[in-house]
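Please take a moment to look over the sequence and the model before reading on. The paragraphs after it are meant to be read with the structure open beside them.

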Amino acid sequence: MRVLVGMSGGVDSSVAAALLRDEGHEVVGVTLRLWGGESDTGCCSVSDVDDARRVAQQLGIDHVVFNFSDDFAEHVVDPYIDAHRVGLTPNPCIECNRHLKFDRLMDRADQLGFDAVATGHHARIGHHDDGRPRLERGADRPKDQSYVLHMLDEATLHRVLLPVGDFTKDEVRALAQRLGLRTAAKPDSQDVCFIPTTQGRRGFLEDRVPFTPASVVDRNGSELGTVTAVELVTLGQRRGLGLPGGGPVRYVVDVERGPHTSTPKVVVGDADALLTNAERVGQVTWVHGPVTGRVLVQSSAHGEPVVGDITVDDEGIVEVTWHLRQSRVAPGQSMVLYDADDCFVIGGGLVLPRR
Amino acid sequence: MLPWLEVGFANPNGSHAAARTARRAVDEARDRIADTIGLTSGEVVFTSCGTESDNTAIAGTIAARGGVALCSAAEHHAVLDPVMHVNGVVAPVGTDGAVDANELGAQLRALREASHEVTLVSIMAVNNEVGTITDMAAIAAVVRREAPGAWLHTDAVQAACWLDLREITALVDMMSLSAHKFGGPKGVGVLTMRDGVRPDPLLRGGGQERGRRSGTTDVAGVVGTSVALAETDAERASMVEQIAALKNELVDGILSAVDGAIETVARDRTVPGVAHLCFPGVENEALLFLLDREGVCASAASACASGAMEPSHVLASMGIDRSVASGALRLSLGHTTTSDDVARAVKVVAASVARLRQRTGSI
């Protein structure tokens, strides 16, 4: 096969390229230039491109750079900024996978005559008994990344390869070491790639979103303090609220910022106040098609899956009913549905704000 | 140039016999270049690249004289960025990518009337992306009239193969060349300075190049540069004719084979070595990939540090819509190009554009 492998300059995608080459595929490595602005983290800095290119040279495969920065700004960065403006907590890595790596890059690969796109994600493509492909958790369960790939539907999965999904991270590093790849000991990327570590989320957003001060109140309405930017407050947050220490741990349980309130209110309460029986999920994508009934639901990149029952309404909105009450998930976060045996992805979407 | 990498390796600035041999090679190279471009040897300064030459001309002039630097919007980044760095002024270009002399005159006059002293004007002789030739005589006349105190610099890196550099040096105060653009080695540049034109050096130290550019001279490099330039000059007339005919085959071939293809700047305004076309609706990143696969080496715009294609500031300055500019392709022709090469390039470009158009919108 002709395979276009996305190489971020990290160890996983380096090894992915090596494995595909060794399987006899015709492999071309591509690094995406995604962010035009300053960045020192993640997968678009010049030194990461250097790493990807050097690895490709070592492996004897061609390497190219595609500039998708316009699409990245449109589909990832601008929505990230807009989401904060309206009080959502977005996951830009998921939107990047959705719109860039498995949409834009997939189209480009198709144009250029490639049979498949590969990445270094820790997840596996398995098959149902009837032969349909499905996205399964990676062999290294703690490193599993199927959560951030949940939007891959059946048609896409036919054209995706995830070669490192069968290995643990340690095995991947050992492979890289054995091949002498310069990325063997490179630390995992952690942060949002377009936000410089020196600047942080606040620094990045404050140039782009007008910050609104808010008062912090308890559930009886008594004011406890203030925050300078309600846009940076996330449901479930317990730090950075300017509350005096020593007392009981308090979490953000609600943010009231409707048009009627002149000053938005951040409501804090104890952990129990966050509990809910159900969540609603919108913009749902399904691997094969809508499903109802018993599922496992994962609400963060490495969170524990939780048992729930799902129904789908006429507008495609999924209602998840928990077996045991769960802490609420910040609106805008992705909720991913797995089969009851916690093996493969069924679908996923974005948690909706409360009605 | 090979002997100077093998036996004649001495530092030309030493005081022993081997050094004198090397020094003689450098002196002869300088004379050869001076003869070829119509200047005296003392007006030829060796640098490490065209970029260094441009930076010296701009930053060095502002450092020496203060005042305002001005360049065209379509300059190479080696000019544009240093001009921006000294808070300089940019002159707009027309749809052909060249500065209009009358408009430049008006801009210089306006600056003068606003009491801004322009001390440096830098206008490229030939554009590196689209190949447009600047009417340097008209530019020089207007600069001398409207900014008589300014030093006029030209980036002639893309001109060396196609224009008689004597005609350019007769008009300007400083001119940049880059050896590898005319068959010389990479890593050698030339900056010419007329007598009395003395920008501050970027590099200070041993005082080589009469204090205008310190650093040990690359003997083999400057020898190679001088020979390449002399040969380029000797063959220029026949080469221009030959390559212009090949360019006609190439551009006419593509225009007739590809619907909607645009010749970015008319051939009578451009040098023979650059064929620039736009294919609206096609992404040049994808096009370059397909061409590369078929052994056709082309470019589109300048690449950033990561190697990614950046939208062309040249095409933007010419008022070309970004959607058209994203389908830009630059094919270069040189003394090794054959008619068979051209026929193959036409075929591959047409097939690749067709493939991309077929795949776009079908997804």
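Predicted model: local features only at pLDDT ≥ 70, side-chain atom pairs only at ≥ 80, totals over all residues.

Residues are numbered from 1 along each chain as its sequence is written, and chains are lettered from A and ligands numbered from 1 in the order in which they are written.

Chain A is assigned domain 1 (2-121 + 162-179), domain 2 (210-269) and domain 3 (275-351), with bounds that come from an automatic or database domain assignment. The centres of domain 1 and domain 2 of chain A, taken over C-alpha atoms, are separated by 38 Å. Four residues from domain 1 of chain A and four residues from domain 2 of chain A make up their contact, where two residues are in contact if their C-beta atoms, placed from the backbone, lie within 7 Å.

Within chain A, helix α1 covers residues 11-22; helices (H or I, at least four residues) and strands (E, at least two) are DSSP runs, numbered from the N terminus. Its 12 residues should span 16 Å at 1.5 Å a residue, and the end C-alpha atoms are 16 Å apart, which agrees; the expected span is 1.5 Å times one less than the number of residues. Because 10 of the 12 residues of α1(A) are buried, the helix is largely enclosed by the rest of the structure. A residue is buried if 20 or more other C-beta atoms lie within 10 Å of its own, exposed if 12 or fewer, and partly exposed in between, with C-beta atoms placed from the backbone. Among the buried residues of α1(A) are V11(A), D12(A) and L20(A), and the elements they pack against include β1 (2-6), β2 (26-33) and α6 (169-179) of chain A. Just after α1(A), G24(A) takes a positive phi of about 95°.

Elsewhere in chain A, six strands form a closed barrel in the order β12-β15-β14-β13-β16-β17, with antiparallel pairing; two strands pair if DSSP finds at least two bridges between them. Strand β14 (residues 306-312) of chain A pairs with strand β15 (residues 318-327) of chain A in the antiparallel sense over five bridges, and G308(A) stands opposite W322(A) in β15(A).

Between the chains, 14 residues of chain B are in contact with 12 residues of chain A. On the side of chain B that touches chain A, α9 (284-293) and α12 (339-359) of chain B each supply at least two residues, and α9(B) gives the most, with four residues.
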